[in-house]
Amino acid sequence: MSGRPDPGRRLALAALATLALPAPASAQGSGAFQCRLLSTGGIRPSGVRASGAARWAWEVSRRTSAPTRMVRSVVRADQRALLAEPFALWSGSDAIPPLTGAERRGLERFLRMGGMLVVDDSAPAEGAFSRSVRAELAQVLSEAVPVQLEPNHVLYKSFYIVERPVGRVAGPERIDAIVRGGTAQVLFLQHDLLGALAREPAGGWALDVTPGGARQRQLAIRFAVNITLYLLCSDYKDDQVHAKWILQRRARARR
Amino acid sequence: MSLIDIGWAPDDDLSPLVVLVAALVILGWCALLAVELRRTARARLALAASGALAAVALLAAALRPVEVRERTSRVGPRVLVLVDGSRRLLLPSGAATRRDRALTAARAVVGAWGGARPRVLSFGAGTPAPLSLDGAPRAASELPPESDLAVAIAAMRGDPAERPAAVVVVSDGRLAAPAPEAGEEELRAALRGVDVPIHTVRVLEQSPADASVRRVRAVGAAVAHQRFALEVQVGCVGVDCAAVPVTVRELRAGSEPSVLATGVARASGGSATVQFDVVLERAGVRVVEVALEAPSGDTIPGNDRRLIPFAVARDRLRLLHVAGRPTYDVRALRAWLEADESVDMVAFFILRETGDDPDAEDDELALIPFPVDELFTDHLPGFDAVILQDFDAVEYRLARHLEGLARYVEQGGGLILVGGPSAFAGGGYPGSALERVLPVAVPELEPPYDGVPAAPLVTASGRATPVLRRLLELEGEALAPWPGFNRVGAARPGALVLLEHPTQRVGTEGMPVLALGEARDGRAIALASDATHGLGFGERAAESAGRGHGLLWDGLLGWLMRDPRFEAASVAVVGDCVAGEPARLRVVGAPGLSGEVTLRVERLAPDRAPVERRAVVREGAAVEIDVGALEAGGYTARASVGAAPPARFDFACELGGDAWADSRAAPDLLERMARASGGRSVTAAEAATLPEPAAQRVTAERSVRPLAPPWVWALLAAAALGAHHVVRRRAGLA
């Protein structure tokens, strides 16, 4: 049937995306996922980790049916463009400078309208980035207090069945989140997830994972995919029709 | 003829008290006289005579009698003839109807009572109304379904006009009150306050041979998708009702009725009750037919079936949301549906396509197979609406179920086809069975999806319909550009386009972007874009706190599910719809809507040509539209006001309805009633033999003349007393 997307075409598009060429809108539709990097305080995300955003989208496109746009996109917190899509990734390793009033208002509007923000600490051992971001977000959403997500949260089963969050580093077994209206809107990762996805310009992974192994990187990618599917489908996998299947599979995996 | 009556009376200026006192004094006098007569043995006769004379003279002096002359005349008695005016009396009785027999009997009474002054009233559900025995008969739809004599009698008691000397009730006796089963106490209570005889004329002595659906009762409320009990009482008189098949069916537009339940009534003692468990899948007014297979000998086929419009409530909206892939548009719609407590949603999203490589074992995935066959066969009727969002019908094996999905819509389901690269022409829908229920054509087009942003234009229908009203009030008509559109064909006949593409054309019209359409009993919406999430999240949406998305979908889902808030008009039957009688429908336009109303009335049956009428309705005002005589059956009326989508209203027209459900006569009640009030009960043929009440006397002139001046009475009393005194002395009394 003409006009229907075929798998070959999708893979071809994905390959094109690695060259940072946007896919045609006619193939993606208007609601495609894009991993946008958030910029505050005039600090523009750069370096090797920035390549992880496009890789994130590529992995989602390769593994799932979700349409993605595999372009490197940076959006400032004080820009109206922040509201163009409901997802942004805030990555860093050092403490951030205090947010300006415009940035604070921009972030508040983004979150109050239902946007999802992933805070990814590239240097979780120091934790300076995480602490500073938490302090700033506490002023943006004064009523919202981060809470630890339960092990059975839908984030751990939105596409893959995963036991815990993993990034470039193993990090803590649980993640904190700001939950509003039943939805985890801000995820605080201390796993350098973007680091696990970062690519060398010439190809190959840019950063080694710790403690290491292909399995860890695979789990990191899976967790990134799960975040995307949670963003797009919210608690879909908590629906009753899925419960029996997922329980059975978890039981088999543990055996 | 006038007569003169002459009589005597005390003077008019004496009060009753004075007369009483005078009488007591005289009685005391007589008592003393009796004592004296015992005390003496002499001249007792003279003593008694003089004493009595003195007493009479004293009384005359006190009362001063006058002569009263009255000129009187005789007038015919006032009588009230109450004729049963219920629709039940239209039941056939031989070559005529019971009503014909009742009117003949009433005429006979009026004719036989030539000297009487009759007032003929028709009694039914409320206060009796004057009835002309020779006038044109009233339409059946104007007649009340039952006859309440108790109310008529109560109205008579409260009437300040001249009291009647007799009441004549003409009926078959099957009254709502007092009921034929009423006990004596209840009967007396109904007749209380009537101090004149009630004569009754029995229109029917014997019940006709008849099997009927006597009563249909829902045990509890009818709620969509939920089983409820329907209690059907079958009545049987004079026919063999050992096993009467009963069928319960739902009438549907454009198709054969759907059988909901069947059973057998086994009558004993003249009736049988059968209980059915039925499920009505669609909310709103649904017309249910309860019919029995009449045994041989049934003389009244008009009450062998009942047509009952059931207002089916919905506890929650059961929705199937199927998406071809997870996108921001899917995210926004799911979030909105989840936020609505009244929505019971079952969702299936395709998260992995055949070409995807998740790089994991199946057990590491939280994915389940898409149960397309199960969903779109067994479970489909259980949903109120289906949303197919950016869904490829071929790749996900839905194509084989599109015929069933089309039938689901035609049988009352709702469908929204939401755009995206895999929807419409991009999803294998061109030429499919689903096309016939969609409001737009879906031709093969390449490319099927247009990714050039454009701001959709609001059409005249879009401005007129309540579906978009709140969105347009919030956003204005200048909508923000939408990033992509599905390419679709022209709107189907009868469909309404609310939004169209600003530059893409289909023939001479703009390409539909949002279109609504009806398909027999169901409704369908085509939304040829995957961009409505932008009304909830985006730079422009931030200006309205993202409320636009919810307002749009509230309108779309509300219209799909016939929420009155989103209907362009409300429609109702004026009075009762009686088969064969002219029917009238009342149309009220929604606030803000006025203009020409097009009313289409269509039988709930296959391939029936609709009746179409036009009128003009002003905003907030009602217009009544005559749709002519309709035969017995279920009907759907669709009222379009101006360019707005039509509002739908289902109703039933019955030949007899409740009024004919119980055809039995109750002559016994009429006899008991006559007996209790001192009247007579006769058959219709004997109506002329009822005893006419006596004529009433009316005084035209009255004159009073004293028999003698007062001093004469005083003088006579003094003389009589003196004479009695003398007689007493002679008798030796002191």
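Tutor: Helices (H or I, at least four residues) and strands (E, at least two) are DSSP runs, numbered from the N terminus. The model is predicted: local features need pLDDT of at least 70 and side-chain atom pairs count only at pLDDT 80 or more, while totals for chains, interfaces and linings use all residues. Residues are numbered from 1 along each chain as its sequence is written, and chains are lettered from A and ligands numbered from 1 in the order in which they are written.

Student: What distance does helix 4 of chain A reach from its first C-alpha to its last?

Tutor: The expected span of a helix is 1.5 Å times one less than its number of residues. For the 12 residues of helix 4 of chain A, 16 Å is expected. The reach of helix 4 of chain A is close to that expectation, at 16 Å.

Student: Which residues of helix 4 of chain A are buried, and against which elements do they pack?

Tutor: A residue is buried if 20 or more other C-beta atoms, placed from the backbone, lie within 10 Å of its own, and exposed if 12 or fewer do. In helix 4 of chain A, the buried residues are A:Glu103, A:Gly106, A:Leu107, A:Phe110 and A:Leu111. The face turned away from that buried side carries the exposed residues A:Gly101 and A:Ala102. The packing partners of the buried residues in chain A are strand 4 (116–121), helix 5 (128–140) and strand 7 (183–189).

Student: What share of the residues of chain A count as buried?

Tutor: Chain A holds eight helices and seven strands. Of its 255 residues, the buried share is 49%.

Student: Which helix of chain A gives the most residues to the side that touches chain B?

Tutor: Residues are in contact if their C-beta atoms, placed from the backbone, lie within 7 Å. The contact between the chains draws 52 residues from chain A and 56 residues from chain B. Helix 1 (7–18), helix 2 (25–28), helix 3 (51–63), helix 7 and helix 8 (240–254) of chain A each supply at least two residues to the side of chain A that touches chain B. With seven residues, the greatest contribution there comes from helix 8 of chain A.

Student: How many residues of helix 7 of chain A are buried?

Tutor: The end C-alpha atoms of this helix are 28 Å apart, which agrees with the 28 Å that 20 residues should span at 1.5 Å a residue. Just after helix 7 of chain A, A:Ser234 has a positive phi of about 45 degrees. Helix 7 of chain A is mostly covered, and of its 20 residues the number buried is 15.

Student: Does helix 1 of chain B lie largely covered or in the open?

Tutor: Helix 1 of chain B (residues 16–39) reaches 35 Å from its first C-alpha to its last, close to the 34 Å expected. Of its 24 residues, the number buried is zero, so helix 1 of chain B lies largely in the open.

Student: Which residues does B:Pro178 touch, not counting residues up to four places away in sequence?

Tutor: B:Pro178 sits in the loop between strand 8 (166–171) and helix 5 (184–191) of chain B. B:Pro178 is buried, because 21 other C-beta atoms lie within 10 Å. Its contacts, with that exclusion, are B:Leu149, B:Ala150, B:Glu186, B:Leu187, B:Ala190 and B:Leu669.

How values were computed:
Contact = placed C-beta atoms within 7 Å.
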